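Thanks for coming. I will talk through one structure this morning, starting with a loop and ending with the cores. Please have a look at it first.

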Amino acid sequence: MTSSSHVAAWKLCSLTCLAMVVLSIMPQIHLWIVRGRDWNGAYVSPHVDEPFYSAYINALIDGRTRKNDPFGAVDSSAEAPLPESIFSIQFVPAYAIALPARIFGVSASTAFIVLIAAAALLASLSVFWLLNSVAADPRLAAAGTLLVLCLGCVVGRYGVFGTFLDIGIAAFPFLRRYQPAAAFPLFFVFQLLIWRALTSERKPGARVSEVLASLTLVVLIFSHLYLWTASAAWLACTGALWLFFRPSERWRTSVVLTTVGSLTAIALTPYIYLLSHRAATLDDQQILISTHRPDLLRLHEILGAAILVALVIGVLRRRIERTEPRFIYAVSLALLPLIVFNQQILTGRTMQAFHFEIFVVNYSTVVGLLITVTLFWKPVPRRLLIWLAGLSFAWGVIVVGLPARVAFVPLAIANDHRIPVLLRLKELSRQDGTLSDLHAKGQASTLVFSPSVALIALLSTWTSQGTLLDMTGVDCRGATREERKKRFYMHLYYSNTDTEALRQALNGTTERSRAELPGVRTAIFGYERTSPALTSQFKPIQEDEIEREVQAYQLYVNSFSREEALSRPLTYAVIPSEGSFKLANLDRWYERDAGERVGDYTLYRLKLRD
């Protein structure tokens, strides 16, 4: 590549990166415009589980241990060690975000705002240089990057309409923070390094690429389960194809596979150790299923099969040389969905395989499609690439802007109104013993109650007091489902929720104004009974099960005692100032002080009655 063409490639890359960064922060800019000087620091979140990740980041920013329960105000200690969790095992991206945030003194929310732009930038860079290295066409790389990243929202069955060909609720699934956003670019960086290790004509450069690819896979292992397993599956597939189609390079291919495999095996030793110390409840919580049943009818498997058919026809008609590296690469990407969705045929285990469909193969398969096009169409017309880039960007604007306008920005505005009282709690955490107890004892006794589940979900992103609901207790502490259910019962009891309201919520017909009821179906029945996407063995909740739970809650209310109140003593109550919240049950067991009005909420300090 000449210096002028190199400069032209960088210009195209810069424009592509700028376009993706703008798309990624459009909702946040919208929030800033709406809130203006009244903005309190909220980030726009299109993913319901991002608050759990930002809560873990906040815990690390506060100097808490790697193994911690952010919503339960519990840290691992020598006297009471916590089990490993999905947060503590996949720790690399968390520390990569939390340590700079601590150095610069920014909140977890601010770190997430920076992260989404940085992740969009790095993802664009990685996809651009991968496509440019394989296709040797900067224009195609620029248009292709926009196509790959903007078309990633086309998923199967897990989007807005629940149909076979669907649009994801979040326009850019790869930007879910911090998983997989922080590690997502490494998936394509790994492929780029393996490509260079196998095709570079310079031996020193190839060796450097081998080592860097190994280190990249090691980082992925401790970053994101689905990215590293997909990378390992792709490597095995690519290696087998390269050995078969390019027998003259078998020694070189074997050296690459051995180098990457050896360093990966070393990294897997501590990884397996961490997994062996995971919480006993984690497998159930993450819905690990035993099955050998094949899964062959997903959208990207069908697209991959179509790519394979086109490539086979191209070889048979002598339009493509089967020894062509691009051909091998395209085949490997076409086969990847078939491999990751059917590994359970051999292993007998599968866990939330839809993550591959929304975070991995929805992007890699489009890359395979682009490479296949370059094999048949040489060169791809410039006008077509311009149209492709323009339409991809326009599509990105629509799928980002419309949901943000309708749902995500209004939700962020509501969250922004909640932040002042959470910042006040953060101030109090330095005075009420929360942080000192966490650092000295590994557990804080300060617990916060609020009838607003939305406020509780946001609380641990901003402060370190524990919450009555402890939303991460099952994942991080090994709490049982019965314990989680009992805590939700206590939450409902203090919120003065009657059995009819609970019955309606479990049937999915509750009023939206009932702030204490969101998430109750999941808390009582579990994710595998409320989210069909999580398991192929989905069983809908039955009417008789709902009635049993309603009766169990009524029994809990009738038998509530001082001993039960003492099992989870409360320190604070955060009550919306507007609204008719009845607190008779709370007042029966606790004395409230005069209260402190903070923004839209009143913060009460509680004292257990004698």
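**Backbone, helices and cores**

N496 sits in the loop that joins α21 (481–494) to α22 (499–506). Keep in mind that this is a predicted model. N496 is not a glycine, yet its phi is positive, about 60°. Is N496 buried, exposed or partly exposed? Its relative accessibility is 25%, so N496 counts as partly exposed.

A73 is another case of this kind: a positive phi of about 55° in a residue that is not a glycine. You will find A73 in the loop between β1 (68–69) and β2 (74–75). Its relative accessibility is 0%, and therefore A73 counts as buried. As background, most residues other than glycine have a negative phi, and most peptide bonds are trans.

The peptide bond from R177 to Y178 is cis, and its omega is near -10°. Y178 belongs to the loop between β4 (166–167) and α7. The bond from K378 to P379 is cis as well, with omega near -15°. P379 is placed in the loop between α16 (361–376) and α17 (382–429).

Now the helices. Helix α5 (residues 108–135) packs with helix α7 (residues 184–199) at an angle of about 20°, and their axes are 8 Å apart. Angles under 35 degrees count as roughly parallel, so α5 and α7 are roughly parallel to each other. Their crossing is left-handed. Residues that meet there include L122, W129 and L130 in α5 and F188, L192 and W195 in α7. Sorted by class, this contact has 13 nonpolar, three polar and one charged residues.

What about α2 (residues 50–61) and α4 (residues 92–104)? Their axes come within 9 Å and cross at roughly 50°, so this pair is oblique. The crossing of α2 and α4 is right-handed. In α2, Y56, I57, L60 and I61 meet residues of α4, among them Y95, I97 and R102. The contact divides into nine nonpolar, no polar and one charged.

Last, the cores. The largest nonpolar core has 101 residues, and among those touching the most other members are L149, F172, Y329 and V367. The largest share of this core, twelve residues, comes from α5. Which residues does V367 contact, leaving aside its neighbours within four places in sequence? They are L130, L131, V148, F188, Y329 and L333. There is also a second, separate core of 58 residues, which includes F408, V520, A565 and L586.

Terms used. Residues are numbered from 1 along each chain as its sequence is written. This is a predicted model: local features need pLDDT of at least 70, side-chain atom pairs count only at pLDDT 80 or more; totals for chains, interfaces and linings use all residues. Side-chain values use heavy atoms; hydrogens and water are left out. Axes are lines fitted to C-alpha atoms, for helices over the stretch in contact, and angles run from 0 to 180 degrees between N-to-C directions. Helices (H or I, at least four residues) and strands (E, at least two) are DSSP runs, numbered from the N terminus. Angles under 35 degrees count as roughly parallel, over 145 as roughly antiparallel, 65 to 115 as roughly perpendicular and the rest as oblique. A crossing is left-handed if the near helix is turned anticlockwise from the far one by less than a right angle, and right-handed if clockwise. Contact means heavy atoms within 4.5 Å. Ala, Val, Leu, Ile, Met, Phe, Trp, Tyr, Cys and Pro count as nonpolar, Asp, Glu, Lys and Arg as charged, and the others, Gly among them, as polar. A nonpolar core is a set of buried Ala, Val, Leu, Ile, Met, Phe, Trp, Tyr and Cys residues joined through side-chain atoms within 4.5 Å. Buried means under 20% relative accessible area, exposed over 50%, partly exposed in between (1.4 Å probe, protein chains only).
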